[in-house]
Amino acid sequence: MRLQAITLLQLFGLGLAQLEPNFTSSSGVSIFNPSSFFDPTGPWSLMSKAGDTLYIAGMRGIFPSNNTLAPVGLPRIRQAYQNMAALAELAGADLNACVRLVVYTTDMFRYRPICNQVQIELWGNDTNRYPPRTIIEVDRLNDDDIVEVEGTFYVPQKKDDDDDDDDDDDY
Ligand SMILES: *[C@@H]1O[C@H](CO)[C@@H](O)[C@H](O)[C@H]1NC(C)=O
Ligand SMILES: *[C@@H]1O[C@H](CO)[C@@H](O)[C@H](O)[C@H]1NC(C)=O
Ligand SMILES: *[C@@H]1O[C@H](CO)[C@@H](O)[C@H](O)[C@H]1NC(C)=O
């Protein structure tokens with residue numbers, strides 16, 4: 001039993017080590033800019049966590065591998081959503097843990113259907129599973145981009161998350 005617990009702790013430890021917050025406020029808000037990701041394009045961060053809630057915003061279709069934009073259209077929009085999904089996974093969530101989406105687009109007529117297509121790809125063709133979404137047409141996005149996505153996720157603390165450095169697992 002104890003051996004198992006230790007193995008689990010080591011696994012969780014490994015997961016957490018990949019996702020050290022860059023900053024944690026005195027009230028417990030953690031800010032993340034994982035090194036495997038593209039650099040934020042300005043004075044903002046990719047992701048934050050407060051309690052059991054994870055916030056990811058400003059996701060555009062940038063390839064994390066080389067900081068360049070995917071081709072306009074489906075590849076760009078798919079990459080934006082995939083970036084959000086990848087960050088959520090790094091934080092221990094998945095797309096079904098998404099509680100809200102906000103999508104900004106510069107052309108509702110042209111790009112909303114592509115957003116819908118990508119959401120069907122990612123969440124599946126099941127009307128019961130999509131998170132609530134607000135989609136808004138805006139005049140302009142950074143880099144004259146076409147779509148920007150943000151998502152809020154529920155990530156309940158795993159029981160062992162707090163045991164990392166730790167007082168209570170020897171009792
Ligand atoms: C944030 O932390 C990661 C390691 O977890 C580091 O690689 C990255 O450079 C940090 N970002 C900034 C802006 O300091
Ligand atoms: C950046 O990476 C993506 C996928 O990893 C690749 O398709 C694209 O060609 C790369 N772009 C440049 C400019 O290297
Ligand atoms: C989703 O399912 C419906 C029927 O349930 C079907 O009519 C539609 O073509 C499907 N869409 C995709 C993109 O697979």
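These legends describe close-up views of one predicted model. Local features are given only at pLDDT of at least 70 and side-chain atom pairs only at pLDDT 80 or more, while totals for chains, interfaces and linings use all residues. Residues are numbered from 1 along each chain as its sequence is written, chains are lettered from A, and ligands are numbered from 1 in the order in which they are written.

**View 1**

View 2. Strands (E, at least two residues) and helices (H or I, at least four) are DSSP runs, numbered from the N terminus. S3 covers residues 47-50 and S4 covers residues 53-59. The two pair in the antiparallel sense over four bridges; pairing requires at least two DSSP bridges. Lys49 stands opposite Leu54 in S4. Two residues lie between the strands, and Gly51 has a positive phi near 60°.

**View 3. S4 beside S9.** S4 also pairs with S9 (residues 147-154), in the antiparallel sense and over five bridges. Thr53 has Tyr154 of S9 as its bridge partner. Pro156 sits in the segment after S9. The C-alpha atoms of Pro156 and Asp52 are 4.8 Å apart, although 104 residues separate the two along the chain. Pro156 counts as exposed because it has 12 C-beta neighbours inside 10 Å.

View 4. H3 runs over residues 108-123. At 1.5 Å a residue, its 16 residues should span 22 Å, and its end C-alpha atoms are 21 Å apart, which agrees. The expected span is 1.5 Å times one less than the number of residues. Tyr111, Cys115 and Gln119 are the buried residues of H3. They cover an arc of only 85° around the axis, so they lie on the same side of H3; the arc is that of the directions from the helix axis to the C-beta atoms. Buried means 20 or more other C-beta atoms within 10 Å of a residue's own, exposed means 12 or fewer, and partly exposed lies in between, with C-beta atoms placed from the backbone. On the other side, Phe109, Arg110 and Pro113 are exposed. Gly124 follows H3 with a positive phi near 95°.
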